[in-house]
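Subject: Structure for you to look at

Hello,

Here is the structure I said I would pass on. Please open it first and keep it in view while you read the notes below.

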Amino acid sequence: MSGLITITLRLNGEDVTATVPARESLVDFLRERMGLTGAHVGCAHGVCGACTVRVDGQSVRGCLTLAAQVDGAEVETVEGLSDTGAIADLQEAFHRHNALQCGYCTPGMLVTVAELLDQGGPVPTRAAIREHISGNYCRCTGYQAVVDAVHEVATTRAAQRGEPA
Amino acid sequence: MKTSAFAYYRAHSVDEALRLHAVAGENARWLAGGQSLMAALNFRLDEPSALIDVSRIDALRGVTLAGPTVRIGAMTRHVEVASDPIIAAHLPLIHQAMPHVAHPAIRNRGTFGGSVALADPAAEMPACVLALGGTMELVGPNGVRRVAADDFFLGSYETALQPGELLAAVHLPVPAQGARHGFAELARRNGDYAMAGLCLMLAGGSARVVFFGLSDRPVRARAAEAAIEAGAAPRDVAALATEGLAVFGDLNAAEPTKRHYAAVLLRRELERLTGHKDHAA
Ligand code: FES
Ligand code: FES
């Protein structure tokens, strides 16, 4: 019986091997051990969404996932998504629309929204955008500006794909 | 807060999982998607000695249709159930309920069986399973046994699962041709647990009415079921919505409020399904 476990994962495009306590959450692993402090710990019980990161292409709660569970997985954080330029248009739109104030929720919000935008297809309605970010609390913006920014990027990307608006 | 310390084991087969659990002892817990368990551990509501991760056991995953029954492997994630064509075609109640299960990031990890085995009184999937008359397939040290939904949910987070037993799958009968379903819930925010929720199945002359978020478990409203079967109007059925049911208030709504919500949901869904609207009320 061991409280330690060795994991190997692909983190923001790099192979990482680490030995961690079994009880360590993914978000603590990323913040404390990997120095990736973009994902935040707001509530530690799945309600606020500040800890959202990507595991195997899907958004997940970093506080409700153990580091042990991502052994063999591909993990991307907001740092990785930023560095590759994958969400540069989204970040720029958040900036321009004032979709962040204190910025605490923003990394989780960006990862969550990136998943919606990656689904492609027709431009999501404002209601669909609100539904998709329903698990991400923002205490500053009132969401209006967030929805504005997401809708704009969705519209631009759809036009680039040749989808009807 | 952080969890207490525990050991972590990953099982690759059901046999291995049962063996690991036998060795780890009664204080071990199954880890499926972890979307409720990890929150409970972070709050130290539970301090297990070990977690046995069963989420990677392939035999416990996937949706299959065999004759008149759909089998949902316990480790099938909510996001997979939500987009599964068999579920959409044959179990529209579950298809309709799925977007109400928490938020996208939680549906990406959370599992169907984890939700059913946890038996949160305000969760959607246990209520759907009860409304559809499902059967649980449980595996344990003494082999496989089956328990009907009516006998499975025993109380608040309490089920017929014995220590060391694992929910392997849920078997759900495909509703008869022409069956109709209703689903509705009231929550403060999209994806939050319901203050009151309803699953309704009408098939032939029979009705199953299940409320969640009202009591210590998903509950069948037998009085309302009998009234529907006797041909009562929606308004009169709704008056019996929580007749004979133990309803408990919580932080979100007091007991009388919950009874009122239940009646409103039932009446709305019945009116929608039957096209019967009584404006005089
Ligand atoms: S910190 Fe994970 S959801 Fe709030
Ligand atoms: S910008 Fe402050 S919480 Fe969202």
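How much space lies in the largest cavity? The answer is about 60 Å³. Please keep in mind that this is a predicted model, and that the values here are computed from it.

Cavity

With a cut-off of 30 Å³ or more, the count comes to one cavity. The residues that line the largest cavity are A:Leu116, A:Leu117, A:Gly120, A:Gly121, A:Pro122, A:Val123, A:Pro124, A:Ala154, A:Arg157 and A:Arg161. Two elements of chain A, H4 and helix H6 (144-161), each give two or more residues to that lining. H6(A) gives the most, with three residues. Sorted by class, the lining of the largest cavity has six nonpolar residues, two polar ones and two charged ones.

Domains of chain A

Chain A is divided into domain 1, residues 4-81, and domain 2, residues 87-160. Between the C-alpha centres of these two domains of chain A the distance is 22 Å. Their contact takes 17 residues from domain 1 of chain A and 14 residues from domain 2 of chain A. The area buried between the two is about 1,300 Å², and carbon and sulfur atoms give 56% of it. On the side of domain 1 of chain A, 35% of the area buried against domain 2 is supplied by A:Arg54, A:Val78 and A:Leu81, which is more than any other three residues supply.

How many salt bridges are counted between domain 1 and domain 2 of chain A? The count is one. A salt bridge joins the side chains of A:Arg54 and A:Asp118, at 2.8 Å from N to O. A:Arg54 is also one of the three residues named above for buried area.

Chain A against chain B

Where the two chains meet, 30 residues of chain A are in contact with 35 residues of chain B. Together the chains bury about 2,700 Å², with 50% of that area on carbon and sulfur atoms. Of the area that chain A buries against chain B, 25% comes from A:Arg23, A:Leu64 and A:Gln69, more than from any other three residues.

The interface of chain A and chain B has three salt bridges. A:Glu131 also forms a salt bridge with B:Arg107, where the closest N and O atoms are 4.0 Å apart.

Second largest pocket

Which residues are closest to the centre of the second largest pocket? The pocket holds about 480 Å³ of space. Of the 18 residues that line the pocket, the closest to its centre are A:Gln119, A:His132, B:Val79, B:Pro104 and B:Arg107. From chain A, helix H4 (106-118) and helix H5 (126-132) each give two or more residues to the lining, as do helix H3 (78-82) and helix H6 (104-107) from chain B. H5(A) gives the most, with three residues. By class, the lining of this pocket divides into eight nonpolar, seven polar and three charged residues. B:Arg107, listed here by the pocket centre, is the residue that forms the salt bridge with A:Glu131.

Domains of chain B

Chain B is divided into domain 1 (7-53), domain 2 (58-173) and domain 3 (180-274). The C-alpha centres of domain 1 and domain 3 of chain B lie 34 Å apart.

Regards

Technical notes: Residues are numbered from 1 along each chain as its sequence is written. Chains are lettered from A and ligands numbered from 1 in the order in which they are written. This is a predicted model: local features need pLDDT of at least 70, side-chain atom pairs count only at pLDDT 80 or more; totals for chains, interfaces and linings use all residues. Side-chain values use heavy atoms; hydrogens and water are left out. On a 1 Å grid over the protein atoms alone, a cavity is a set of points where a 1.4 Å probe fits but cannot get out, and a pocket is an open set with protein on both sides within 12 Å along at least five of seven lines; lining residues have an atom within 4 Å of a point. Grid points are joined across faces, edges and corners, and a volume is the space filled by probe spheres set on the points. Helices (H or I, at least four residues) and strands (E, at least two) are DSSP runs, numbered from the N terminus. Ala, Val, Leu, Ile, Met, Phe, Trp, Tyr, Cys and Pro count as nonpolar, Asp, Glu, Lys and Arg as charged, and the others, Gly among them, as polar. Domain bounds come from an automatic or database domain assignment. Contact means heavy atoms within 4.5 Å. Buried area is the accessible area (1.4 Å probe) that two parts lose on being put together, summed over both.
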